[in-house]
Amino acid sequence: MTVSPSAFIKGAGSLLAGLGVTIRAFFQPVVTSQYPRQLLNISPRFRSHTKLVADKDNPDKNACIACGICVKNCPSASVVSVDGEKREGEKRKTATSYILDFTTCSQCGICVEVCPYDALDFSADFNLVGYKREDFHFDLVKEFEKRKKTS
Amino acid sequence: MVEKIKTELGAALKEIPIGESDYRERGYHLFAEVASSDLLNVARFFDERGFYLAALICVDYLEYLELVYIFSNHVSLCKVKVALKIEPARPVAPTISTIFDCACWYEREIREFFGVTFEGHPNMTYLFLHEGIDYYPLRKGQIPVSDEDKKSLGSFRPEGGEDTFCVNLGPQHPSTHGVLRVVLKMDGEYIEEAEPVLGYLHRMHEKMAENRGYLQFLPNTGRMDYLGAMSFNLGYVTAVERLCGIAVPDRANYVRVIATELNRLSSHLMWLGAYLADLGALTPFLFVFDDREQINDILEPVTGSRLTYCYFRFGGLYNDVDEAFIAGTKAFIERMKGRFSLYEKLVTGNVIFINRTRGIGVIAKERARKQAVSGPVLRATGIAMDMRKTEPCAAYGEMDFDVPVGTRGDALDMYHVRVKEMENAVKIIEQALAGLPEGPIMTEKVPKKLKPPKGDLYHTVETPRGELGIYIVSDESDTPYRMKWRVPSFSNLMVFPELAKGNLLADAVAILGSLDLVIPEIDR
Amino acid sequence: MEQIVNMIGWEALKMIIGLVGVLVFVVLNALILTWAERKVAGHMQRRIGPKEVGPYGLIQPIADALKLLGKEILTPRAVDRPLYFLAPIIIFVPVLVSFIVIPFDASLLVKDINVGILLILAFSSLSVLSILMAGWGSNNKYALIGAIRSVAQNIAYEIPLLLALLPVIMMVNSFSLKSIVEAQKGLWFVFYQPLAFCIYFVAGVAETNRTPFDLPEAESELVAGYHTEYSGMRFALFFLAEYTNIFIVSAIAVTFFLGGYQGPFLPGIVWFLLKSYLLVFVIMWLRWTYPRVRFDQLLNISWKALIPLAFINLLITGGLLKL
């Protein structure tokens with residue numbers, strides 16, 4: 001393994017340069033954020049599970065009319081079923097249950113896009129936890145009602 | 001050049017008509033339909049003229065099975081489609097793996113998915129599937145797999161010899177970048193044979209494509225190569241737009257370029273970190289994640305995802321970019337330019353790293369052509385072929401960037417090529433940001449349910465790993481009839497057994513890392 | 001008290017107290033070094049290391065020790081029992097013996113043996129035996145490959161280690177570590193023998209199987225090398241031995257080249273520990289900067305580079321001393 005003196009010096013220099021990088025990094029501030037103690041901002045377009053949006057004219061009810069277009073268009077069959085009933089004095093149906101199986105959802109956004117009444121949007125629940133699969137089978141109408149109560 | 005090939009091919013094939021096709025619509029310049037007896041002559045013809053076998057696709061048309069061979073050329077960029085019709089009851093075809101080595105695995109895949117027997121194939125064993133599969137998956141009907149077929153396909157048994165023993169590298173292994181199993185036959189420290197075993201991550205994306213509409217298949221594209229999801233998205237979206245003849249507004253094209261180049265940067269950075277972690281240096285892995293997190297933080301407010309994007313739509317984008325994105329990208333570019341010198345000092349010049357990678361895994365140009373290698377691996381051998389230059393989609397045609405090439409084809413060259421590609425990506429993003437036009441991001445009047453006209457299309461795109469080829473056969477319905485994904489890592493992995501032969505185990509790990517494989521895209 | 005002294009003699013009592021002190025120090029040192037390694041690694045990678053368990057993560061090593069104690073000690077059925085059980089015990093013998101002669105302060109060493117350094121070098125060869133026992137006794141081809149590599153590496157690097165220490169021994173004319181430290185009252189030997197210091201340091205890092213020379217333990221290739229089949233406390237013993245070896249390598253470097261416990265103002269032991277831990281920091285710094293050297297290149301460095309250089313250095317020193 002004959003090494004010329006210039007190659008040796010270059011090699012030794014490269015080793016010292018590498019050491020210089022790490023020792024500089026040693027004294028620089030950390031770039032990590034201490035997650036549970038320091039929460040991060042979630043951008044408004046972050047894609048978690050979908051949620052129902054309030055109707056523009058009547059904020060007490062959600063804008064879904066149970067047409068079922070999202071059910072037909074979902075590629076993973078994650079929107080299991082949408083049921084609705086026609087109530088007195090209303091032109092269109094009102095959704096009574098919207099079952100979303102979030103375990104198979106790929107957050108593609110097709111349901112949000114094809115909804116003719118813009119009734120769906122992404123939520124920002126990034127830290128969902130549960131012990132069983134059923135914890136992620138959401139009924140979006142119930143979630144909507146829950147949010148109405150807390151707001 | 002196309003005329004020359006047409007006349008020469010016509011002379012070689014005599015009675016077979018050779019048609020010219022509209023390259024814009026079909027993705028190939030010439031097409032020919034041959035019989036089984038002519039296939040070997042045709043293959044030899046293309047081999048002598050320096051073509052490589054870009055893709056070997058099988059399509060089940062019920063009355064017949066069609067084998068589609070796409071030959072492409074690095075220099076003249078001429079693409080030729082050769083079709084071979086075989087009868088569905090007893091499908092048999094001659095093998096061309098003696099002429100083009102890459103056909104060996106292409107034909108194995110077709111054998112287990114379609115049941116086509118290739119006469120003279122050296123090693124017809126299971127590639128992705130196993131004996132539990134009772135029907136040929138990609139056939140349109142339920143064609144059962146006979147017991148002799150199962151036995152002959154399942155005949156791979158690794159065993160050691162007198163002085164050798166067999167060791168598994170993987171499937172759970174920190175170095176194999178995914179779920180890849182390589183059966184190594186070792187003689188002490190040296191490797192005699194390496195046989196990759198695939199299929200641990202097989203999710204049948206090609207069959208899913210036949211059962212979903214064009215828009216509904218879009219999320220699947222991001223899952224195939226999760227590190228370069230934007231480029232897979234781009235390839236698919238531009239392929240369908242080309243098939244349907246949808247034009248895209250300029251602003252959408254520029255944003256597509258910015259997003260794809262950011263993704264390319266992110267993918268190459270990840271490769272750098274993982275490669276050095278394989279070699280033992282654990283610090284660059286974390287420095288790389290620092291940069292990647294910045295990219296994710298830029299792309300998340302726009303696309304909503306951090307890794308598996310589903311951002312493009314047919315005719316434009318899902319939503320527009322805002323000032324925060326542009327400002328963030330500009331700040332990131334400035335920061336990234338400074339980071340390159342950090343990687344230069346920590347990695348590129350390091351004498352230990354150079355000694356680990358120089359002269360390891362040398363690929364000759366001829367071997368690269370026969371194995372249909374593409375991407376940075378191909379450019380490291382000295383062939384300057386980049387789909388962004390040869391077939392520009394989106395706004396790549398208006399960008400000014402270099403195509404870095406190496407000289408020796410070893411792992412160190414592949415490293416240098418990828419680092420220079422990162423610098424070029426920064427350059428492209430700068431130009432795209434500077435020239436970003438105002439305007440709409442989506443064309444008007446894109447039908448909700450796309451029904452492309454009847455025909456087929458072979459579309460290629462440059463992903464961070466190489467040439468992605470998408471072959472779509474449309475039958476005017478709203479789901480594709482057949483969609484084949486020719487992924488770059490599949491061909492790149494084929495080179496590994498011959499590179500690993502005679503090397504130490506440490507070198508084999510270095511070679512595997514330098515090829516930049518992402519196993520989910522191999523397994524689809 | 002008087003009766004104990006009369007029974008066993010004053011020297012023996014000093015020896016026993018010293019050994020107990022050494023054991024305490026070994027355990028404390030291992031605790032400190034595991035914490036320091038993770039913190040140093042963390043900050044070099046722009047992140048904080050352990051921080052949850054105790055202030056600045058200081059209780060983390062104790063939590064790790066408790067975890068290891070609680071793990072099931074699994075003995076695979078097909079191991080070669082005597083070898084498998086004895087290996088982690090034997091790897092501790094050279095470590096403890098080495099501590100007997102290292103001078104922590106002018107009067108703080110267990111026993112000032114006049115062949116001090118020979119004792120240390122002789123016993124460090126015993127650790128090679130223990131590695132081989134671990135690899136062979138595990139009855140596992142990965143462990144065996146790792147053990148063989150480790151043995152080849154250790155044997156190859158012992159020679160430059162010895163050759164680099166010889167010039168200093170020649171200059172002082174004694175093997176006793178205490179006299180070597182005393183001889184550095186004027187100028188530290190690192191200024192007289194810079195090349196020997198570098199060779200010794202590189203060989204020492206290789207002896208302890210640390211990156212860039214840690215191929216026998218390479219995680220990304222052979223699972224974990226010779227200690228693949230060990231779990232729980234036995235695994236902890238191997239790691240304890242490795243970290244203590246790091247300290248011993250640094251301590252000998254400090255004793256031979258950096259003046260031992262000498263220094264102004266502060267008591268000797270503080271200087272000794274300061275200098276030793278500075279070298280330990282440098283060893284950690286090397287680990288988190290460089291990739292691994294391949295095995296044949298590793299052996300080439302020893303046989304073709306370090307040994308000739310060490311010989312040349314030895315000849316020059318001998319010649320200069322004669323004149």
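In this structure, 22 residues of chain B are in contact with 22 residues of chain A, two residues being in contact if their C-beta atoms, placed from the backbone, lie within 7 Å. This is a predicted model, in which local features need pLDDT of at least 70 and side-chain atom pairs count only at pLDDT 80 or more, while totals for chains, interfaces and linings use all residues. Residues are numbered from 1 along each chain as its sequence is written, and chains are lettered from A and ligands numbered from 1 in the order in which they are written.

- On the side of chain B that touches chain A, α7 (218–224), α10 (283–303) and α11 (323–348) of chain B each supply at least two residues; helices are DSSP runs (H or I, at least four residues), numbered from the N terminus.
- The largest share of that side, five residues, comes from α10(B).
- The residues of this side of chain B comprise eleven nonpolar, six polar and five charged. Ala, Val, Leu, Ile, Met, Phe, Trp, Tyr, Cys and Pro count as nonpolar, Asp, Glu, Lys and Arg as charged, and the others, Gly among them, as polar.
- The contact of chain A with chain C takes eleven residues from chain A and twelve residues from chain C.
- On the side of chain A that touches chain C, seven residues are nonpolar, four are polar and none is charged.

**Helix packing in chain C**
- Helix α2 (residues 10–44) of chain C packs with helix α3 (residues 60–70) of chain C at an angle of about 110°, their axes being 8 Å apart.
- This angle makes α2(C) roughly perpendicular to α3(C), a term for angles of 65 to 115 degrees.
- In this contact, Leu31(C), Thr34(C) and Trp35(C) of α2(C) meet Gln60(C), Pro61(C), Ile62(C) and Asp64(C) of α3(C).
- The residues of that contact are four nonpolar, two polar and one charged.
- Helix α6 (residues 116–137) and helix α7 (residues 141–172) of chain C pack at about 175°, with their axes 8 Å apart.
- The angle makes α6(C) roughly antiparallel to α7(C), the term for angles over 145 degrees.
- The contact of α6(C) with α7(C) holds 16 nonpolar residues, five polar and one charged.

**Helix α12 of chain C**
- α12(C) is mostly covered, with 19 of its 26 residues buried; a residue is buried if 20 or more other C-beta atoms lie within 10 Å of its own.
- Gly259(C), whose phi is positive, near 85°, follows α12(C).

Note on methods. Axes are lines fitted to C-alpha atoms, for helices over the stretch in contact, and angles run from 0 to 180 degrees between N-to-C directions. Angles under 35 degrees count as roughly parallel, over 145 as roughly antiparallel, 65 to 115 as roughly perpendicular and the rest as oblique. A residue is buried if 20 or more other C-beta atoms lie within 10 Å of its own, exposed if 12 or fewer, and partly exposed in between; C-beta atoms are placed from the backbone.
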